[in-house]
Amino acid sequence: MFNKVPLLRALKHDQWVRPYLHHYRKTLALAITLGVVTFVCGAGLMFSAGYLISKSATRPENILLVYVPIVLTRAFGIARPAFRYLERIVSHNWVLKMTSRLRQKLYDTLEHDATSFNSKYQLGDILGLLSDDIHHIQNLYLRTIFPMMVSWGLYAIIVVALGFLSPLMGLWMLVIFGLMIIAIPLWSVLINGARQEYEKKAKDQLYVNLTDNVLGVADWVLAGRSASYLRLHDQNERQYLATEQAMHKFERLRDFLVQMLVLLVVVSLMVWGAGRFGGQPGGTANWIAAFVLAVFPLIDAIAPLPAAAQETNVYTNSLVRLNNLDQPAPVGKKVPQLTAPYELTVTDLHYTYPETSREVLRGINLTIKPGEKLAILGRSGAGKSTLAALLRGDRVPTKGAVKLNGVATDRLGDRVADYISVINQQPYLFNTTIANNIRLGNGNASDDQVWDVLRRVGLDQMVHALPNGLEAKVDEAGLRFSGGERHRLALARILLKNTPIVLLDEPTVGLDPITEQAVINTILKQLADKTLIWITHHLQGIDEVDQVVFIEEGQLAMHGTPAALWATNARYQELKKADQGL
């Protein structure tokens, strides 16, 4: 039966939780010991106080009969908060050390695999990893592992102590507390676990929909499918809420059974106490009060276990996903140092997005020679940006290959930035100085080099006119600059980086026609000696390139020079006339 618990299966090959349990085992053992002692002191306090209150209600024959309970009450009353404070310090120190190492490991893993990460995960999955999974692993320690170990320690103490006084009573407590500590938590995992897992998947799906789809909401609106998107979101949310309601119904039943077991423990102790201590001079009521009151602090430690055990299904998904990050992609032989001239070849390229069956690209073949200018056209969603990601090695082809001088671009890792630079649709400027933003292209560039690239993109006079020149702040996302100026600053970075290949991913979207043409002219002039790959949705400035390809339904529908396509291809003629408003 225990093999059916997903968490136990996941922990067999785990490289995230188990290593830290072993690494910080001494701190963990101390925290568990202090936790057990804290609850023992709480039970001792209630035991002594119960006996003392009951005994004090009658006239004692001798003051010494209440003196010992008074001392014990004071001792346990002081010890309980003291040990509780120490336990909190030790356990939080242990958790903070563990989670800091986990976060460092996660960020190091993401950074190491950054160039191909999009091939494995969508944006919503990345947000889930960063915001949820480490939090879930932290809760695995705090809400499950630590309380479970403390409860097992208390379980052993209860059974041994009562078994010493009465073997039959010890055996009875072994059964009842075993139900609360082992049977009901396991029942929660097995019965309610499927709902818990589905709830987590539904929540993750909402994450993906609300990030990936909202970022592309303009395409939904333009396609006239905004109502479809809202229906899809409502359907996912209803499924999530229905599962949550079923879980709450089960949890109420489970909590009721736990409370009935607690009542059974109390009644059992009352009956046993009356029979065991009824003939002693201390009085039956005194001992019954002591034993019954001692139960309640122990129940505080044991009662949350079923809910904590149920949460392990959520932790298992996070544990599996984090461990999957540790599986390195095959690298093969060491990547050689590439030398000019640089040629990109695309051979029988296919790509299917992860976790979907939709094939975006099907059998693309291209050769981009050194210094050549290539324009990639196509409707929104045709696969242009996916092709761009494959060209720069950000994604791994499902089939076929993209190679730079015979080396697959997805094998280049971070070194791909030495050969290919990118200007995106909305170049991002960080909230720092102009100089720092431009030096992203070359951190060792001098002020003279920065001024030179600013002059080449036509921004030197504008920057000179600013109060602090190169040290002027650009504001968050570069909002103090116009769209055209932001694109020119991005181009200045590229010029400073001086890579042989530049990829333009619709760099003039959102610009007015005059500014757009000015930016295009600047780009083409300053990158005249570079290999240029220009992804665009319309044809302004298209006559300046050497090759034009048109992607439709994942395939090349047109391929040739602008002049040849204009002379022979009716589809290209229609597209260009429509773009020019003719």
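Colleague: Where is the place of Pro 341?

Modeller: Pro 341 sits in the loop between α11 (312-324) and β1 (344-352). Helices (H or I, at least four residues) and strands (E, at least two) are DSSP runs, numbered from the N terminus. One caution: this is a predicted model, where local features need pLDDT of at least 70, side-chain atom pairs count only at pLDDT 80 or more, and totals for chains, interfaces and linings use all residues. Residues are numbered from 1 along each chain as its sequence is written, and side-chain values use heavy atoms, with hydrogens and water left out.

Colleague: Is the peptide bond from Ala 340 to Pro 341 cis or trans?

Modeller: Cis, with omega near 0 degrees. Most peptide bonds are trans, and most residues other than glycine have a negative phi.

Colleague: OK, phi then. What is the phi of Asn 405?

Modeller: Asn 405 has a positive phi of about 50 degrees, though it is not a glycine. It lies in the loop between β4 (399-404) and β5 (407-408).

Colleague: And what about the phi of Asn 498?

Modeller: Also positive, near 60 degrees. Asn 498 is in the loop between α16 (483-497) and β7 (501-505).

Colleague: Is Asn 405 buried, partly exposed or exposed?

Modeller: Partly exposed, at 29% relative accessible area. Buried means under 20%, exposed over 50%, and partly exposed in between (1.4 Å probe, protein chains only).

Colleague: Switching to helices. How many residues of α12 are buried?

Modeller: Seven of the eight in α12 (residues 384-391). Among them are Lys 384, Thr 386 and Leu 387. Just after α12, Gly 393 takes a positive phi of about 85 degrees.

Colleague: Now holes. How many cavities of 30 Å³ or more turn up in the whole structure?

Modeller: One. A cavity is a set of points, on a 1 Å grid over the protein atoms alone, where a 1.4 Å probe fits but cannot get out; lining residues have an atom within 4 Å of a point. Grid points are joined across faces, edges and corners, and the volume is the space filled by probe spheres set on the points.

Colleague: What lines the largest cavity?

Modeller: Leu 504, Pro 507, Ile 520, Ile 523, Leu 524, Leu 532 and Trp 534. The largest share, three residues, comes from α17. Both α17 (513-526) and β8 (531-535) supply at least two.

Colleague: Last one. Which helix holds His 248?

Modeller: Helix α8. His 248 and Asn 192 are 56 residues apart in sequence and 9.8 Å apart in space, C-alpha to C-alpha.

Technical notes
On a 1 Å grid over the protein atoms alone, a cavity is a set of points where a 1.4 Å probe fits but cannot get out, and a pocket is an open set with protein on both sides within 12 Å along at least five of seven lines; lining residues have an atom within 4 Å of a point.
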